[in-house]
Amino acid sequence: MMTSDNSNTEDKNNDVDLSGLKRGEQIKCLNCHNGYYKPFSLPAEKCDWFKCDNCGDHVHFTPNIIVE
Ligand SMILES: [Zn+2]
C-alpha cells in the first residue's frame, strides 16, 4: 500500500525552513542529502549550531534573545 506524498518539497536550498530543528524535527542535510542535522548541544531548542552527521555541514541560527 502506497501513501501518496503530497508534501511540496522542492529541490532548492535557499528557502528551506530549518527552524524545525529547534522543535526537534529531523531535517535532511541540504549539502549531502544523506545525513541529518544534529544539535551540538541539548536541548535542541536552545542550540544554535546544528551539524550534519554525515558530511559535517553545519547551520547556525542567530539567537532570538530578548534582553531586558
Ligand atoms: Zn550532510
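Modeller: First, a definition: two strands pair if DSSP finds at least two bridges between them. Strands are DSSP runs of E with at least two residues, numbered from the N terminus. This is a predicted model; local features need pLDDT of at least 70, side-chain atom pairs count only at pLDDT 80 or more, and totals for chains, interfaces and linings use all residues. Residues are numbered from 1 along each chain as its sequence is written.

Biologist: What is the strand order of the open sheet?

Modeller: The sheet has three strands, with antiparallel pairing. β1 (37-39) and β3 (58-60) are the edge strands, each pairing on one side only. The order is β1-β2-β3.

Biologist: Which residue in β3 is the bridge partner of Trp49?

Modeller: β2 covers residues 49-52. It pairs with β3 in the antiparallel sense over three bridges. Within β3, Trp49 has as its bridge partner His60.

Biologist: In which strand is confidence highest?

Modeller: pLDDT is the predictor's confidence in each residue, from 0 to 100. The protein averages 82, and 72% of the residues score at least 70. Confidence is lowest in β3, at a mean of 91. The highest mean, 96, belongs to β1.

Biologist: Is Pro43 buried or exposed?

Modeller: Pro43 sits in the loop between β1 and β2. A residue is buried with 20 or more other C-beta atoms (placed from the backbone) within 10 Å of its own, exposed with 12 or fewer, and partly exposed in between. Pro43 has 9 within 10 Å, so Pro43 is exposed.

Notes: Helix = DSSP H or I, 4+ residues; strand = E, 2+ residues; numbered from the N terminus.
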